[in-house]
Amino acid sequence: MALTVARLTAVLLLGAAPLAVPAAEPPLPALSEPAQTQAPAVYAERRRALMDAMGEGVAVVYSEGQEDAFGYRPSGDFFYLTGVEDADAVLVLAPKERTYREFLFLKSRDPEWERWTGEREPLGEALRKKYGFEKIYRDRSGGQLGLVLNLARRSPTLWQVVLPDPAGEGKPKDLELYSKVADRLPGVTVKHLGWTLSQMRARHSAAELAIMQHGIRLTEEGFRAAIPLVRPGASEGAVRAEAERVWRAAGSRRTAYSSIVGSGANSTILHYPRSERVMKDGELLLMDMACEYAHYATDITRTVPVNGHFSAEQRKVYDVVLAAQQKALAMVKPGVYHEDLDKAARAVVAEAGYGDFFIHGLGHFVGLDVHDVGAYQEPLQAGMVLTIEPGIYLPDRGFGVRIEDEVLVTETGARLLTDGLPRTADEVERWMAARHPR
């Protein structure tokens, strides 16, 4: 397979020999439809690893999900351990038990409600095989409390394995349950497992990376489909809608986040939500948009000239942003700290005189969540995926520039995953020149 310009740029940037670029994408693991989950054994192995870290005691993990226009989405921690999408589901782990060490609680069935939302599966062998649990219960009053009380009598340590949400209000659900257990069973202790689960999630398996790479390719295809709609007089919303249409048609169930498609002054608004403005000649269009595939997020940003050509000032700013990104990308390898990448990129922007206009962090981990869990204060490790996304925003000049790509930390360095779209100013202009009118 011949190297594309973008792939060749990645090879030169990250110091890999051209022959190291794979001739084909990694094969996707088998996924069950329509849930797009992996085999139950994958999630069972993750639970086993977490229980090994616990050693003893009991842990309770709640689905803690959200309902959106595309359906219910469980929390990344819960899905990582179960592959279960049911609302209000609960996982209980007890590694010291002799026979049954994991238990799954599902919401009780309601025949009347299921006439509106669809029938839910009955308890039985088919459901146990589907999820890989021998012990599955429908939620009933006091059921979880009773089970945890019984388990804690034999192993009186209650583990908080999920990091509490710093923006959350009130006591986390697991600690609420543990308080009730402690009220009834004196002598139990509550311990925090620290970053164990987050570190497990941050280092992706080969199967996870194959899913993420596939999602990236779908996202890139959406960009390519949307670019012909970028021109003076067209709407931001048309660009956004075309990309999202392509993703949905290709098997993506939802966007990884609310798409940001802003032209002119809107390109300086970091989370511009509306995509309703008409693009004008001489402006830039910032497109921060990506799909989620099989529960794994992607995240890409490109900034392009609406009329196909950067002005001298726009190109100058674009080149500074790209240089900052290249500086950070070239440093990515095991042992490097995220804050060192941020510092290096910020120095490039500051030296060019735009330090006050780089107003956000350099990037974040990506996985089951677009802003995925990970210990930013610890050195990078192989298997981690993170974004590098410097930006300069000049509201007084009516434009902003952000370039965002995903990079995989490998055993020996790094590999640019989002190598299918143009990145340099010249490449972007050639990309725009090659678009065909719709």
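Three strands form an open sheet in the order E15-E18-E19, with antiparallel pairing; two strands count as paired if DSSP finds at least two bridges between them. Strands (E, at least two residues) and helices (H or I, at least four) are DSSP runs, numbered from the N terminus. The edges of this sheet are strand E15 (385-388) and strand E19 (414-416), each of which pairs on one side only. From one strand to the next, the twist averages 35 degrees.

This is a predicted model, in which local features need pLDDT of at least 70, side-chain atom pairs count only at pLDDT 80 or more, and totals for chains, interfaces and linings use all residues. Residues are numbered from 1 along each chain as its sequence is written, and side-chain values use heavy atoms, with hydrogens and water left out.

Four bridges join E15 to strand E18 (residues 405-409) in the antiparallel sense. Thr387 has Glu406 in E18 as its bridge partner. Helix H9 (residues 206-226) lies across E15, E18 and E19 and runs at about 160 degrees to E18. Here axes are lines fitted to C-alpha atoms, for helices over the stretch in contact (heavy atoms within 4.5 Å), and angles run from 0 to 180 degrees between N-to-C directions.

Trp159 in E7 stands opposite Ala59 and opposite Lys191 in E8. From E7 the chain crosses through helix H7 (residues 173-184) to E8, a right-handed β-α-β crossover; right-handed means that, with the strands pointing away from the viewer, the path from the first strand over the helix to the second runs clockwise. Both faces of E7 are covered: Thr157 and Trp159 on one side, and Leu158 and Gln160 on the other, are all buried. Buried means under 20% relative accessible area (1.4 Å probe, protein chains only).

Helix H2 (residues 40-54) has 15 residues and should span 21 Å at 1.5 Å a residue, which agrees with the 21 Å between its end C-alpha atoms; the expected span is 1.5 Å times one less than the number of residues. Tyr43, Arg46, Arg47, Leu50, Met51 and Met54 are the buried residues of H2. Seen down the helix axis, they fall within an arc of 140 degrees, so they line one face of H2; the arc is that of the directions from the axis to the C-beta atoms. Just after H2, Gly55 takes a positive phi of about 80 degrees.

Conventions
Buried means under 20% relative accessible area, exposed over 50%, partly exposed in between (1.4 Å probe, protein chains only).
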